[in-house]
Amino acid sequence: MNILFVDDDANVLNGLRRILRSRREWRTLFANSGPEALEVLATTPIDVIVTDMRMPGMDGADLLHAVEERYPDVVRIVLSGYVDADRGDQAAQVAHAWLHKPCDPEALEQAIATH
Amino acid sequence: MTTCAPSYEALLAAFPEHLFRLDAQGRMVTLKPADDARTPEPPTTWAPRDVDAVLSADAAALLRHHAAEVLATGAERVTEFEDGATGRDVRFEARLLPDGADAIIVIVRDLSTTLAQDEAQKLEALGRLSAGVAHEINTPIQFVAHNAEFMSTAFAEMRELLICYRRALSSDQPLSWEARNTMLAEAESMHDVDFLLEEVPKAVDETLEGVRRVAVIVRALKVFSHPTAAKVAPSDINECVRNAVIVSASEHKTIADIDMELDDVPLIPCVVGEMMQVFLNLIVNAAHALQDAGCGDEQRGTITLRSRPDGDDVVITVSDDGPGISHADQQRIFEPFFTTKEVGRGTGQGLALSRAMVDKHGGALSVHSSPGAGATFTVRLPIHDAQEDGGSIPQHPTEGRIAS
């Protein structure tokens with residue numbers, strides 16, 4: 001299973017990469033922004049996308065809308081430390097699951113495994 | 001013949017307050033009952049009644065005392081009183097104005113609703129603040145937790161590896177060098193030792209960075225929990241501005257660059273927690289204006305914070321290079337509940353509350369904007385406390401003579 005993580009904070013991606021290293025059955029990919037995530041999606045088959053909400057330029061809601069439109073089979077998960085009521089509603093419409101930071105690895109693994 | 005003059009009844013009905021006339025003998029006539037049923041006087045006829053029969057003994061005595069003063073001096077007075085006659089303690093403000101030589105007009109306002117509004121405004125500001133702060137803390141906590149868990153498994157693997165090395169070197173298991181090398185190379189590969197050697201130091205560094213990030217935010221927030229934060233004390237206004245920038249980072253960091261040009265300024269006597277709320281409001285408003293103008297996508301906006309001494313004042317400005325504010329909106333921008341933001345983004349109380357807080361400090365909050373050329377909000381605060389002799393800024397209007 002190919003999982004793409006998107007966050008503008010490189011430290012968050014590094015933490016995820018280290019913690020998920022033991023899940024050998026998962027191939028984890030990482031992107032620092034919405035446009036970078038779309039570039040990865042264009043070249044690599046992705047099963048699950050896990051994205052932050054607040055990012056400069058294209059935010060998580062914009063990204064998930066684009067993913068829903070272009071790659072409807074990809075499972076869409078939000079992993080955010082902030083709930084902006086307005087943008088949150090928009091993302092909630094296109095997200096299959098919503099996880100809050102801090103999120104323990106088990107909850108993340110469970111969300112990914114059950115969708 | 002038609003006339004534009006409103007009727008006396010219509011004029012009175014337009015006021016929510018309770019109005020009555022009180023004469024020198026303590027007899028009152030209700031001119032206009034309050035809209036709010038809690039005020040201590042039900043709608044009555046024009047028949048005069050003794051004030052002691054309407055209000056509690058304490059409240060009636062207080063009103064009689066002030067009424068006598070107003071009659072003696074001819075000057076207005078404002079006082080506050082509590083009245084339990086309605087079954088619960090409710091706080092009222094009474095304005096007493098002379099009406100001829102032997103009577104006064106009293107205007108009574110229910111303060112509990114005003115206080116409830118103040119509380120609602122503070123809670124809204126606090127809610128917005130804590131949402132932003134939660135984001136700024138949750139993100140580092142997320143990767144600090146992941147890194148700690150990683151380091152825990154990494155240590156377990158290094159421990160396994162160490163056991164392999166000890167076994168390989170132990171004398172009761174004599175192995176050839178070749179056999180030892182093969183065994184240890186296998187163990188190193190199984191535990192991905194190259195990965196661990198590279199990643200563990202990075203995980204440590206990033207964990208420390210995350211902890212530092214949380215510490216910076218918590219330090220900036222300390223002003224709210226410090227016992228002196230709610231009192232007037234000489235305060236470093238530049239530090240207050242810097243802390244407001246840190247605490248509001250989630251609102252502006254994806255949208256704008258922050259430019260700080262803070263001159264050396266003297267300490268300002270102020271309630272530092274309140275001034276921080278003022279700067280937070282102004283910074284968040286600037287960020288929202290820039291975001292609405294499309295900043296954060298291709299180009300970023302700039303929020304400029306400046307401070308400088310100016311005569312007996314210190315002037316702090318918060319400017320953005322957004323689309324500016326129309327002249328019509330500038331006229332109304334400090335009114336409570338005036339907002340151009342969509343529902344859910346703000347209730348239009350931030351600037352009204354900010355102006356009230358700055359006013360309370362004897363300062364002034366103003367706006368300057370030319371449509372198309374950004375907006376600048378200016379906070380002007382006096383360097384010297386109006387009450388140098390250790391007095392504090394009143395929390396609510398207190399009893400006293402109205403300046404004429």
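Residues are numbered from 1 along each chain as its sequence is written, and chains are lettered from A and ligands numbered from 1 in the order in which they are written. In this predicted model local features need pLDDT of at least 70, side-chain atom pairs count only at pLDDT 80 or more, and totals for chains, interfaces and linings use all residues, while side-chain values use heavy atoms, with hydrogens and water left out.

**The two chains**

Helices (H or I, at least four residues) and strands (E, at least two) are DSSP runs numbered from the N terminus. Buried means under 20% relative accessible area, exposed over 50%, and partly exposed in between, with a 1.4 Å probe and protein chains only. A contact means heavy atoms within 4.5 Å. Accessible areas come from the Shrake-Rupley method with a 1.4 Å probe, and for residues only the protein chains shown count as cover.

| Chain | Helices and strands | Buried residues | Accessible surface |
|---|---|---|---|
| A | five helices, five strands | 57% of 115 residues | about 4900 Å², 47% from carbon and sulfur atoms |
| B | eleven helices, 14 strands | 42% of 404 residues | about 21300 Å², 56% from carbon and sulfur atoms |

From the N terminus, the elements of chain A follow the order β-α-β-α-β-α-β-α-β-α. Among chain A contacts between residues at least 6 apart in sequence, 62% join residues at least 24 apart. In chain B, 63% of the contacts with a separation of 6 or more are between residues 24 or more positions apart.

**The largest nonpolar core**

A nonpolar core is a set of buried Ala, Val, Leu, Ile, Met, Phe, Trp, Tyr and Cys residues joined through side-chain atoms within 4.5 Å. The largest one has 48 residues, and B:I237, B:M275, B:F279, B:F377 and B:V379 touch the most other members. Helix α9 (residues 272–292) of chain B supplies the largest share of this core, eleven residues. Leaving out residues up to four places away in sequence, the contacts of B:F377 include B:L282, B:I316, B:I325, B:F334, B:L351 and B:V367.

**The second largest cavity**

On a 1 Å grid over the protein atoms alone, a cavity is a set of points where a 1.4 Å probe fits but cannot get out, and lining residues have an atom within 4 Å of a point. Grid points are joined across faces, edges and corners, and a volume is the space filled by probe spheres set on the points. There are two cavities of 30 Å³ or more. Helix α1(A) gives the most, three residues.

The peptide bond from A:K101 to A:P102 is cis, with omega near -5°. A:P102 sits in the loop between β5 (97–100) and α5 (105–114) of chain A.

B:D192, in the loop between α5 (177–190) and α6 (193–225) of chain B, has phi near 55°, a positive value in a residue other than glycine. B:D192 counts as partly exposed because its relative accessibility is 26%.

B:D99 lies in the loop between β5 (90–98) and β6 (103–110) of chain B. Its relative accessibility is 28%, so B:D99 counts as partly exposed. B:D99 touches B:R21, B:I104 and B:I105, not counting residues up to four places away in sequence. B:D99 and B:R21 are 78 residues apart in sequence, with their C-alpha atoms 8.2 Å apart.

Methods
1 Å grid on protein atoms, 1.4 Å probe; cavity = no way out; pocket = protein on both sides within 12 Å on 5 of 7 lines; lining within 4 Å.
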